[in-house]
Amino acid sequence: MNKTINQKAWYFVIPVFVLVAFNAAIPLMTVVNYSFQETFGNNVFAWEGTRWFKQILLSERFHASLGRQFAFTFIILLIQIPLGIAIALTMPKKGWGVPVCLILMSMPLLIPWNVVGAMWNIFALPDIGFLGHSLNAMGFDYNFTQQPGDAWLTTILMDVWHWTSLVVLLSYAGLNSIQPAYYQAAEIDGASRWATFRYIELPKMKKVLTLAILLRFMDSFMIYTEPFVLTGGGPGNTTAFLSIDLVKMALGQFDLGPAAAMSLIYFFIVLLVCWVFYNLMMKNEAQS
Amino acid sequence: MFTKLYAATWGEVGKAKEKGFFDFDLFSWMAWTWQTAAFFIFIALCITVMLIWEKKVPGGSPRKGILGLDTTRGDRLFVSLLGSAFIHLAWLGLVGSLLWIASIICVAYFIVVFKYV
């Protein structure tokens, strides 16, 4: 029997196409247009060529915020991934503990970013906040609004509190998908706890962990709201990560041209990292 | 809405200009220039060429390239375009002038990627 060829289903794609055009393609094109021009508002533009790109690439301010961004992302990955795996390993596999742990773990994930920022801001205030006041009462000189080190510590703590659960839930799902036969075989061979983890659990979790690292990398690399509410990028510029610096440049100073150039460079870095992780995931997929 | 538009060079900033044929209110806020328009037309052309290529030789000619990655034509186009962006940025940051040399390097890079990656 001849199959009738009917490609009319493609018309169903049109709404998505229009949506993507309006919320992604057209704004992105406008950013590209802005990045080559100078404007003082009122739709007056003047051609500047590649000047903004050169300026951003050579600007110490951009290097500093990019450095801070990579440092922040690296530190939180270094904490959250091992911590997440460790928590997932200690979580119960059956019984009433499972739903309790899962719900407790997913709570921080459900809280909106600005609420997390506000919570931690109040929690860490040196005079009235529980954390800040207690630390000072114990004799630590802690003030996240004035000391850069404390601001960093608080921002990292906040991110760890907010997002470690994601790594935990992903790792837990990965652990649960391991067949009991593997553990039985390990027990018969007399494998130590470490060997079981290293040669059974970790390889089996590879896929979800790649995903966890990608998600955590992207979210922390594009972090804006939480540090904005917590520290506002301060004290000084010490916690002004890329997004915060970008918004300061675009909306605070109304330097639309340089800000557009900076966001394009930012976008290219994100694209590159995404591509690397995508290929890693595809490789994992091909192996299993 | 905007009966008068303003010119796009420093010498003419602030001088009113007659509304041209292509100055639609619909997208005059997008601040188009012919250079950026040419860039996006180039991207659109690339995608069109890929479409035609796919019609002629279906399947995307997948292979394992020198990076050890399974790539199709679409992957190669992506790698070429993203790589070109970084080549141009690196040139701007390190050399600063004569950007067209970077563009020539990119053409070579395109060919290498499409042949070997």
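Q: How many residues does the contact take from chain A and from chain B?
A: This is a predicted model, and the two chains in it touch each other through residues of both partners. On the side of chain A that touches chain B, the elements α1 (14-35), β2 (45-47), α2 (51-58) and α12 (256-287) each supply at least two residues. Counted by chain, the contact takes 24 residues from chain A and 25 residues from chain B.

Q: Which element gives the largest share of the side of chain A that touches chain B?
A: The residues on this side of chain A divide by class into 17 nonpolar, six polar and one charged. Four elements of chain A, namely α1, β2, α2 and α12, each supply at least two of the residues there. The largest share, seven residues, comes from α12(A).

Q: Which element gives the most to the largest nonpolar core?
A: The largest nonpolar core has 31 residues, and the members that touch the most others are Phe53(A), Ile56(A), Ala261(A), Met262(A) and Ile265(A). Two or more residues are given to this core by α1, α2, α3 (60-90), α11 (242-252) and α12 of chain A, and also by α3 (73-94) of chain B. With eight residues, the element that gives the most is α12(A).

Q: Leaving aside neighbours within four places in sequence, which residues is Ile265(A) in contact with?
A: Ile265(A) is one of the residues that touch the most other members of the largest nonpolar core, and Ile56(A) is listed there as well. Once its neighbours within four places in sequence are left aside, Ile265(A) has one contact in chain A and one in chain B, and these are Ile56(A) and Leu89(B).

Q: Are α11(A) and α12(A) roughly parallel or roughly antiparallel to each other?
A: The two helices pack with their axes 8 Å apart and at an angle of about 160°, and their crossing is left-handed. Because angles over 145 degrees count as roughly antiparallel, the relation of α11(A) to α12(A) is roughly antiparallel.

Q: How many nonpolar, polar and charged residues does the contact of α11(A) with α12(A) have?
A: From α11(A), the contact is made by Leu242(A), Leu246(A), Met249(A) and Ala250(A). From α12(A), the residues are Leu256(A), Pro258(A), Ala259(A), Met262(A), Ser263(A) and Tyr266(A). Sorted by class, the contact has nine nonpolar, one polar and no charged residues.

Q: Why does Met91(A) count as partly exposed?
A: Met91(A) has its place in the loop between α3 and α4 (97-110) of chain A, and beyond four places in sequence it touches Cys101(A) and Tyr172(A). Met91(A) and Val168(A) are 77 residues apart in sequence, yet 9.2 Å apart in space, C-alpha to C-alpha. A residue is buried if 20 or more other C-beta atoms lie within 10 Å of its own, so Met91(A) counts as partly exposed with its 19 C-beta neighbours.

Q: How far apart in space are Cys46(B) and Leu77(B), C-alpha to C-alpha?
A: Cys46(B) is found in helix α2 (residues 34-56) of chain B, and it counts as partly exposed because it has 14 C-beta neighbours inside 10 Å. In sequence, Cys46(B) and Leu77(B) are 31 residues apart, while in space the separation from C-alpha to C-alpha is 8.3 Å.

Q: In what order do the elements of chain B run from the N terminus on?
A: Chain B has 117 residues, of which buried residues make up 11%. Its secondary structure comes to four helices and four strands. From the N terminus on, these elements run β-β-α-α-β-β-α-α.

Key. Residues are numbered from 1 along each chain as its sequence is written. Chains are lettered from A and ligands numbered from 1 in the order in which they are written. This is a predicted model: local features need pLDDT of at least 70, side-chain atom pairs count only at pLDDT 80 or more; totals for chains, interfaces and linings use all residues. A residue is buried if 20 or more other C-beta atoms lie within 10 Å of its own, exposed if 12 or fewer, and partly exposed in between; C-beta atoms are placed from the backbone. Two residues are in contact if their C-beta atoms, placed from the backbone, lie within 7 Å. Ala, Val, Leu, Ile, Met, Phe, Trp, Tyr, Cys and Pro count as nonpolar, Asp, Glu, Lys and Arg as charged, and the others, Gly among them, as polar. A nonpolar core is a set of buried Ala, Val, Leu, Ile, Met, Phe, Trp, Tyr and Cys residues joined through C-beta atoms within 7 Å. Axes are lines fitted to C-alpha atoms, for helices over the stretch in contact, and angles run from 0 to 180 degrees between N-to-C directions. Angles under 35 degrees count as roughly parallel, over 145 as roughly antiparallel, 65 to 115 as roughly perpendicular and the rest as oblique. A crossing is left-handed if the near helix is turned anticlockwise from the far one by less than a right angle, and right-handed if clockwise.
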